[in-house]
Amino acid sequence: MAVKLVGYVTPEEKLQIQRLHERKNGLTELAKSLTADNSELYEKVVEDMGHTITKFQQWWNEMAEKYQWESSPNGHWEINFNNGEIYLHS
């Protein structure tokens, strides 16, 4: 798998995706810990997860369009949360 630097985002944009990433991971862990006894809470977590994943993907789509990042059919982008660099894994 090749990795290539394709762009950068602003500190504010980096913070937006970092918050969504952390929320998505937190909800995933919470969902794993819930039991069948907590079905109402589980449904709320699943619904929140759906909204968060949608926002997460929207961010990537908007930034890719804004910055015209290189892409590849089977590749994916990754952000370095330390400096806002965007890498294409293809």
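Thr52 touches Leu20, Arg23, Lys24 and Leu27, leaving out residues up to four places away in sequence; contact means heavy atoms within 4.5 Å. The model is predicted: local features need pLDDT of at least 70, side-chain atom pairs count only at pLDDT 80 or more, and totals for chains, interfaces and linings use all residues. Residues are numbered from 1 along each chain as its sequence is written, and side-chain values use heavy atoms, without hydrogens and water.

**Exercise 1.** Describe how helix 1 and helix 2 pack.

*Solution.* Step one: helix 1 (residues 11-33) and helix 2 (residues 39-67) meet at about 155°, and their axes are 9 Å apart. Step two: helix 1 is therefore roughly antiparallel to helix 2. Angles over 145 degrees count as roughly antiparallel, under 35 as roughly parallel, 65 to 115 as roughly perpendicular, and the rest as oblique. Axes are lines fitted to C-alpha atoms, for helices over the stretch in contact, and angles run from 0 to 180 degrees between N-to-C directions.

**Exercise 2.** Which side chain makes a polar contact with the side chain of His89?

*Solution.* Step one: His89 sits in strand 3 (residues 85-89). Step two: at 12% relative accessibility, His89 counts as buried. Step three: its side chain makes a polar contact with the side chain of Glu78 (3.5 Å). Such a contact is a pair of N or O atoms within 3.5 Å; within protein, one must be able to donate a hydrogen and the other to accept it, and residues adjacent in sequence count only if both atoms are side-chain atoms.

Note on methods. Helix = DSSP H or I, 4+ residues; strand = E, 2+ residues; numbered from the N terminus. Buried < 20%, exposed > 50% of the residue type's maximum accessible area, 1.4 Å probe, protein only.
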